[in-house]
Amino acid sequence: LAVEFLNPIAWHVFDGSDPWCQLSFSAMSRATLFMFATLITGDNWGQCAVPIMEYAPVTALIFGTSFLTVQLGFLNLLLAVIVDQSAVAREKQTAERLEEHRAQTTHNFLKWEYIMRDM
């Protein structure tokens, strides 16, 4: 989508003034590199994306959707790690409580056994 739709706009907007931005959408590999640099590292927003969005505001849908998708993906990954660690901690706590309950039950049984033998 970026190569087909954004490449002609980038050629018109930058028209030789910034070769890197002008060629950013000329091939799939360059578009992928641009999206990685812009969405993951936050680099080049002002250099390339903003002039393109100013020239053709509809391109903000492409950049905005891509940005939200990546950010929500990272948030989802982070929350998955947190939830997984919480589940592991809960299982460990449940196992510890069960072991404490077994130890207490054994202690109580031995106590009653001692009392019964004394009778």
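**Nonpolar core and surface patch**

In this predicted model, the largest nonpolar core comprises 17 residues, among which L6, F25, F34, M35, I52 and F63 have the most contacts inside the core. At least two residues of this core are supplied by each of α1 (2-14), α3 (28-40), α4 (45-55) and α5. The greatest contribution comes from α1, which gives 5 residues. In soluble globular proteins, nonpolar side chains tend to be buried together.

The surroundings of L6 were examined with its neighbours within four places in sequence left aside. On this basis, L6 is in contact with F25, I52 and F63, and also with L1, T59 and I62.

In helix α4, the buried residues are C48, A49 and I52. Viewed down the axis of α4, these buried residues lie within an arc of 80° and therefore line one face of the helix. An α-helix has 3.6 residues a turn, so residues three or four places apart point the same way. Exposed residues G46 and E54 are carried on the face of α4 turned away from its buried side. The cover over the buried residues of α4 includes α1, α2 (19-23), α3 and α5.

Nonpolar side chains also occur on the surface, where F67, L68, L72, L75, L78, L79 and I82 form a patch with about 650 Å² of accessible area together. One member of this patch, I82, is located in helix α5 (residues 59-118). The relative accessible area of I82 is 45%, and this residue is therefore classed as partly exposed.

Terms used
Residues are numbered from 1 along each chain as its sequence is written. This is a predicted model: local features need pLDDT of at least 70, side-chain atom pairs count only at pLDDT 80 or more; totals for chains, interfaces and linings use all residues. Side-chain values use heavy atoms; hydrogens and water are left out. Patches are made of residues with over 30% relative accessible area and no salt bridge: like charges are joined within 9 Å, nonpolar side chains (Val, Leu, Ile, Met, Phe, Trp, Tyr) within 5 Å. Accessible areas come from the Shrake-Rupley method with a 1.4 Å probe; for residues, only the protein chains shown count as cover. A salt bridge is a side-chain nitrogen of Lys or Arg within 4 Å of a carboxyl oxygen of Asp or Glu. Helices (H or I, at least four residues) and strands (E, at least two) are DSSP runs, numbered from the N terminus. Buried means under 20% relative accessible area, exposed over 50%, partly exposed in between (1.4 Å probe, protein chains only). A nonpolar core is a set of buried Ala, Val, Leu, Ile, Met, Phe, Trp, Tyr and Cys residues joined through side-chain atoms within 4.5 Å. Contact means heavy atoms within 4.5 Å. The arc is that of the directions from the helix axis to the C-beta atoms.
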